[in-house]
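Grab a pencil and open the model in your viewer.

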Amino acid sequence: MSESFTITVEPLGRDVKCGSDQAILDACLRAGVWLPHACTHGTCGTCKAQVLDGDIEHNDASDFALMEFERNEGMALICVATPSSDVTIEADVEVEEGVTHHPVRDYVGTVVQLDDIARQTRRLVIDLDQEMAFNPGQYVSIEVPGRAVTRTYSMGNPPHEPGQIELQIRRTPGGIGTDGWVFKTLTKGDTVRLAGPFGRFFLREARTEPAILIGGGTGLAPLKSMIRHVLERGLPHRMYLYQGARTQADLYDVEFFRGLQDQHPDQFTYRPCLSDEEWDGPTGMVTDVVDADFQTCRNHTAYLCGPPPMVEAALKTLMRKRLFPKDIFREDFFDASDKATGGVRSPLLKR
Ligand SMILES: Cc1cc2nc3c(=O)[nH]c(=O)nc-3n(C[C@H](O)[C@H](O)[C@H](O)COP(=O)(O)OP(=O)(O)OC[C@H]3O[C@@H](n4cnc5c(N)ncnc54)[C@H](O)[C@@H]3O)c2cc1C
Ligand code: FES
């Protein structure tokens, strides 16, 4: 049976109960102690904290995100570290004006929709057993049945639909969660177990500058949540959505976003971009299209989401166009291969 330990979180001075097989971050988020995190799988380094007292297991922390010398200095990735005694940590607690953080909870869901929406891409709609409060852009962690692993997927629906979540999932060849489950055995009516909400990639409502949203592949999902939130709640943000894909077969929700653009021509601009096919829309890497569209990106905010190389390229483009790191929010869709090869790529931005 799992033992229970006390985690003291400094500089907040908060005590949290944590099982010996529970990640320290998980215990904190469930207790309403919000600490910075992004991937929750030991890959990105965002959750790095100093262990001031007590013993922990590092478990599945990437050697790139937590280097040998950092382990020796008592640092830990608390999204994967578990306690072996009572522990005191010092975390990089940030308080953001106007942001409400919602505690993480467990949910049981029923798959009510499972559709192929583009090449190797499925939309999953899940009815939840209780409403989930979240910020637009956050994600859930789903248990892969029979595999003792979880996989993370971003909500594509807005928070004012709290009883249901929409996920957009791309198949990864050889992947446990996608190839081995979502694209293989999962069917409508199945029960799924998940937890959420996680992540700090969400719309900053207090930032009302025009927003440039860039999504590659299923990186569209959290951006769709933000866009629907803004437009359906009557918020003032001016938004430019860039959806990057290789060919038309990889694009989805095109008619949906074209419809939004028609309804809100002064507030929402939609730019789907194809890198590998000529068509009647913008052609080229999504970053090239943004580059050509904006003379300067000063006085904007940006939200970037998708495969890590695309996010990195978009970050560089925006910074060349005079956007500062404090104005850029990013979500890298890391997977297991990033942990093995080094998911932490950019020294440019604090994750
Ligand atoms: C915050 C966040 C949000 C995300 N949101 C979404 C989303 O909305 N939609 C979406 O489609 N995806 C999303 N992802 C990605 C998603 O969580 C999964 O990583 C992805 O679906 C692959 O999972 P999998 O189980 O199929 O593949 P995995 O089993 O994780 O395998 C991934 C790849 O790594 C390789 N691999 C496995 N183990 C190793 C190893 N030890 N060494 C080297 N290579 C290895 C596999 O062969 C495969 O090619 C998100 C990721 C993050 C971090
Ligand atoms: S959140 Fe812990 S390493 Fe990414």
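**Exercise 1. Find what joins the side chains of Thr 247 and Arg 119, and say where Thr 247 is found.**

Step 1: look at the two side chains. Those of Thr 247 and Arg 119 are joined by a polar contact of 2.8 Å. The term covers a pair of N or O atoms within 3.5 Å; within protein, one has to be able to donate a hydrogen and the other to accept it, and residues adjacent in sequence count only if both atoms are side-chain atoms.

Step 2: Thr 247 sits in the loop between S15 and H5. Helices (H or I, at least four residues) and strands (E, at least two) are DSSP runs, numbered from the N terminus.

Step 3: check its burial. Thr 247 has 13% relative accessibility, so it counts as buried. The cut-offs are under 20% relative accessible area for buried, over 50% for exposed and in between for partly exposed (1.4 Å probe, protein chains only).

A word on the ground rules: this is a predicted model, where local features need pLDDT of at least 70 and side-chain atom pairs count only at pLDDT 80 or more, while totals for chains, interfaces and linings use all residues. Residues are numbered from 1 along each chain as its sequence is written, chains are lettered from A and ligands numbered from 1 in the order in which they are written, and side-chain values use heavy atoms, with hydrogens and water left out.

**Exercise 2. Work through the salt bridges: how many does the structure hold, and which parts of the chain do they link?**

Step 1: get the count. There are 24 salt bridges in the structure, each being a side-chain nitrogen of Lys or Arg within 4 Å of a carboxyl oxygen of Asp or Glu. The background is simple: side chains of opposite charge can pair when their charged atoms come close.

Step 2: start with Arg 30 and Asp 106. Their side chains form a salt bridge with an N to O distance of 2.8 Å. Arg 30 belongs to helix H1 (residues 24-30) and Asp 106 to strand S8 (residues 105-118), so this pair ties together parts that are 76 residues apart in sequence. Both partners are partly exposed: Arg 30 at 26% relative accessibility, Asp 106 with a relative accessible area of 47%.

Step 3: go on to Asp 253 and Lys 224. The closest N and O atoms of this salt bridge are 3.1 Å apart. Asp 253 is in the loop between strand S15 (239-245) and helix H5 (254-263), and Lys 224 is in helix H4 (residues 220-232), so the pair ties together parts that are 29 residues apart in sequence. Here Asp 253 is buried at 12% relative accessible area, and Lys 224 is buried at 5%.

Step 4: widen the view. Lys 224 and Asp 253 are linked with Arg 123 and Glu 166 in a network of salt bridges.

Step 5: finish with Glu 312 and Arg 330, whose side chains meet in a salt bridge at 2.9 Å, N to O. Glu 312 in helix H7 (residues 308-320) and Arg 330 in strand S18 are 18 residues apart, and the pair links distant parts of the chain. Glu 312 is buried, with a relative accessible area of 10%, and Arg 330 counts as buried at 11% relative accessibility.

**Exercise 3. Which cysteine sulfur is nearest to that of Cys 28?**

Step 1: search for disulfides (cysteine sulfur atoms within 2.5 Å). The whole structure has zero.

Step 2: take Cys 28. The nearest cysteine sulfur belongs to Cys 18, 7.3 Å away. Cys 28 is buried, with a relative accessible area of 0%.
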